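This report covers a helix pair and the salt bridges around it. The structure comes first, then the notes.

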Amino acid sequence: MASGAAGPGSPASPDDDRPATADDVHELCLALPHVTYGTSWGDMPTYLVSDPATKARPRGFCIRRRPDPTAVDPATGTPYEDLLVLWAADQGAKAALVEADGPFFTVPHLDGHDSLLVQESRLGEITRGELREVLTESWLRLAPAKLARAFTAAVGSDEPVGLDRLDRLDRTGAPRG
């Protein structure tokens, strides 16, 4: 990830070069199309994406993870209390994030799965722009395929991306007649 680079669907912002914060997670997730803040995995706070044009169930692309013995601080053995679960595009993208110097990591429990973990308390190790990229990729990974295609098509245009822009596209990503 390039520092200061705007992620897909998001214009560059002077704030993109500053260290990311936990508050940025909320703002950036809700800026993505068709996102609601709810719960999953029982009662865990979750950012969900769904396509209102379909009856597909909403899918969590950014989920708070409850403390669990599968993800512990190696120095203390105490389960982390500030973890988010995100999704990478594929195993290669996951490996790139996990192997980079930053707050992303995985645990054996997630081996073979495209999800990864990030500690909110370490988000300042990346920029807000880099956080935007990672959250957008997680959204794209779990958004309904037609919505993801429409979003990707809209990002490629010079027109600003937003809910109103996506609502002017049909379910294949083509402009409505």
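The sections below treat the model's basis, the helix contact and the salt bridges.

## Basis

This is a predicted model, in which local features need pLDDT of at least 70 and side-chain atom pairs count only at pLDDT 80 or more, while totals for chains, interfaces and linings use all residues. Residues are numbered from 1 along each chain as its sequence is written, and side-chain values use heavy atoms, with hydrogens and water left out.

## Helices H1 and H3

Helix H1 spans residues 22-31 and helix H3 residues 128-142; their axes come within 10 Å and cross at roughly 50 degrees. H1 is therefore oblique to H3. Helices are DSSP runs of H or I with at least four residues, strands are runs of E with at least two, and both are numbered from the N terminus. Axes are lines fitted to C-alpha atoms, for helices over the stretch in contact, with angles from 0 to 180 degrees between N-to-C directions. Angles under 35 degrees count as roughly parallel, over 145 as roughly antiparallel, 65 to 115 as roughly perpendicular, and the rest as oblique.

On the H1 side, Asp24, Val25, Glu27, Leu28 and Cys29 meet Arg128, Leu131, Arg132 and Leu135 of H3 (contact means heavy atoms within 4.5 Å). The residues of this contact divide into 5 nonpolar, no polar and 4 charged. Ala, Val, Leu, Ile, Met, Phe, Trp, Tyr, Cys and Pro count as nonpolar, Asp, Glu, Lys and Arg as charged, and the others, Gly among them, as polar.

## Salt bridges at the helix pair

The whole structure holds 11 salt bridges (a side-chain nitrogen of Lys or Arg within 4 Å of a carboxyl oxygen of Asp or Glu). Glu27 and Arg128 form one of 2.6 Å, N to O. Since Glu27 lies in helix H1 and Arg128 in helix H3, the pair ties together parts 101 residues apart in sequence. Glu27 is partly exposed at 46% relative accessible area, whereas Arg128 is buried at 4% (buried is under 20%, exposed over 50%, partly exposed in between, with a 1.4 Å probe and protein chains only).

Asp24 pairs with Arg18 at 2.7 Å, N to O. Asp24 is buried at 2% and Arg18 partly exposed at 27%. A network of salt bridges links Asp15, Asp16, Arg18, Asp24, Glu27, Arg128 and Arg132.

## Arg64 and Glu120

The side chains of Arg64 and Glu120 also form a salt bridge, 2.6 Å from N to O. Arg64 lies in strand S3 (residues 59-65) and Glu120 in the loop between strand S6 (115-119) and H3, so the pair ties together parts 56 residues apart in sequence. Arg64 is partly exposed at 25%, and Glu120 is buried at 16%.
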